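Subject: Structure handover

Hello,

Here is the structure for your files. My notes follow below it.

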Amino acid sequence: MEGVLHSKGLLSLPSNPRLRALQPPQSLKLKPRITTTTLKPRFLPGIALSSNGGLQKFQGFRSNPIGFGKKLSTFPLFKAEAAAAADGQPLFGENEPQKILGIEIPTLKKIIPLGLMFFCILFNYTILRDTKDVLVVTAKGSGAEIIPFLKTWVNLPMAVGFMLLYTKLSNVLSTKALFYTVILPFIAFFGAFGFVFYPMSHYFHPTALADRLLNLLGPRFRGPLAILRIWSFCLFYVMAELWGSVVVSVLFWGFANQITTVEEAKRFYPLFGLGANVALVFSGRTVKYFSQMRQNLGPGVDGWAISLKGMMSIVVLMGLAICFLYWWVNTYVMLPTRSRKKKEKPKMGTMESLKFLVSSRYIRDLATLVVAYGISINLVEVTWKSKLKAQFPSPNEYSSFMGDFSTATGIATFSMMLLSQFIFDKYGWGVAAAITPTVLLLTGVGFFSLILFGGPLTPALASFGITPLLAAVYVGAMQNIFSKSAKYSLFDPCKEMAYIPLDEDTKVKGKAAIDVVCNPLGKSGGALIQQFMILTFGSLANSTPYLGAILMVIVTAWLAAARSLDKQFTELRREEELEKEMERAQIKIPIVAENSSSTNGPLGSESSVGDTYGSSSGTRKME
C-alpha cells in the first residue's frame, strides 16, 4: 500500500527535506537514500511513501477538494528549513561537509588566506613603525619633540584628506577596485623611498633655510622647523602611520568582515593575531638584522641607507603578496549571504556621511574607543622616545633596540592571543573590551610613578648595574609592550566584531571615518595635551602628575563607552539572528495525517480531511 502525498495547487518543497519531518507509519519502510526526479510538463509530480519503494514518484495527480477546508487550522505546520538549521544534523540526502581539524573546508579557504594577509600586513607595519621613529627622532636637527607637532599638524590633516577621498571613491569604485587603488600607491611609495628619496634627501631637504629660521625664531620652534628640515622623512612617517590606519583597519578588517559571519569572527578573529604576532617576532628580528649590518661595512659607508634599502625591498614583496592573497580569496571563496531585510542606505556625499555617522550613537561609541586609546597611549609615548634617543643616539642603535622591542611585543601578544578566545567564550564581548583600558591604566601609572620618583631609586638601580635613564627606557618599553599586546589580542578583535551587524553603507563609511580619522585624532589629541602641558608647566616632568590625572579621566570615558557599546552590540546581534531565522522559516509545510487513531508523531494527529488512514493504507495531503 502507498501513502500518497497530495497537493492543492503548486507544491513548493525545500531542496533537502529532513527525514524526521516526514515520518511514515511503522508499517512503512523508508530507504536511506532518495533519488530526485524530474518534473513532467503535463503532470505535477508527487511523492509516494511505499513499503517497498521508499519515496517514489507516482504517475498521476489526484485532487481531493472536499478534504481541504475542514479543520484546516488543525494541520501541524513544519518549518523545514528552520528545523534543519536548529538541529545541526546533516539534511536528508545531503552529504556532511568535509572537515579538517574540526573546521569545514569552505571556512578554511577563508581563514587561512586572511591569516596570511594579516601576517604580511603586520610584518610590514612593524618594519615601517620602527623605521619611521628612527628617521624623524635621530635625524640631524630633529628629536622626539617633533612627534607631537608632526601628528597634530601633518598626520591628522592628511588622514582627514584621505578619508574624504576614500569616501568619494567608495561611491564610484567596486570593492575590489577600491582595495587595489588604495594599497598599490603605498607599495610604490615605500619602494621609491628606500631607493630614491632617502639616498637623494640631501639634495632637496632645505637644511640651510631651516637653520636660518631657527636662528631667527629661537629654539622653542625647533620641533615645527624640523618638519620643514626633513620633510621627506616626515612624509614617510605619515605614510607609515596611514598604513596602520588604512591597510590594517580599513582594507583588511573591512574585507574580513565582508567574507566572515559573526560565529566565524568570534572563533577566528582572536586567532588571526596568533599568526600576526609571529610576524611581529620575525619582523623584529629582521629589523635588528639589517640594523646591525653597519658593523660589517667599511668606514665612510652609510650603513643606515643600506639597511633601509633591504627593509623597503621586503615591504614591497610583502605588499605584492597581500594583493595576490586578496585576488585569490575573491576568485575562489564564496561570500556568505547576509540578511536580505537589512535597510539599503542610499549613497551619500561627504558631509552627509559625516552627519550620518555623528548622529549614530553606535558609531560615536566606537569612535570614543579609538580616540581614547590613541590619547592614552600617546600620553606616554613622547616622553619614552625622548629617553630612548638619549640612551641610543645613532640610527642603527635606535633601530636595533626597536627590533628587540617589536620581538618582545610579538611574544607577549602571542601569549595574550592564546587567552583571548577563552575570554571571549567565557566572559563575552563586554569583558574583553574592558581589559585593554584597564591594562593601559595600570602600566601607565607605573611609568609615570618611576619618572616622578626615579631620583630616590638611583642607589638601588645602581646595585643592578643600570642607570635611571636606562630603567626609564625599560619600564616605558614594558608599558608599550603590555598595552599593545592587549590592544592586538582583545581591543582590535572587539572593535572589528562590532562592525559586523551594521548595514554595508554604515560599515564602509563608518570604518573610513573611525579608523582613518579617529585614530590619528586620538594621537593628535594626546600630542595637543602634551604641548599644552609643556607650555603651561615648563617641562614634561612638571606636568607628569596632571598627565596621570588626564589619563584616568580618559580611561573612565573609554570604559563607559565600552559598556554602552556592549548593550547595543548584543541587541543588534539578537535582531540579526531573529531576521535570519525568519528567512529560513519562510517555507512552511502543512502535513495532513488522516488517521485519527494513528499515534506515529505529527502524522498521526487528528484530521477529518480526505480518506481514512487504515492500518495498511492511507492518504496524506500536502498544501
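Leaving aside neighbours within four places in sequence, which residues is Ser-400 in contact with? They are Lys-288, Ser-291 and Gln-292, where contact means heavy atoms within 4.5 Å.

First, the ground rules. This is a predicted model, so local features need pLDDT of at least 70, side-chain atom pairs count only at pLDDT 80 or more, and totals for chains, interfaces and linings use all residues. Residues are numbered from 1 along each chain as its sequence is written, and side-chain values use heavy atoms, with hydrogens and water left out.

Back to Ser-400. Ser-400 sits in helix H13 (residues 395–452). Ser-400 is buried at a relative accessible area of 11%; buried means under 20% with a 1.4 Å probe, protein chains only.

Now the chain. It has 17 helices and 8 strands, taken as DSSP runs (helices H or I, at least four residues; strands E, at least two) and numbered from the N terminus. Of its 623 residues, 52% count as buried. Take contacts between residues at least 6 apart in sequence: 82% of them join residues at least 24 apart.

H3 contributes Ile-147, Pro-148 and Lys-151 to the contact, and H12 contributes Asn-378, Glu-381, Val-382 and Lys-385.

Best wishes

Notes:
Buried means under 20% relative accessible area, exposed over 50%, partly exposed in between (1.4 Å probe, protein chains only).
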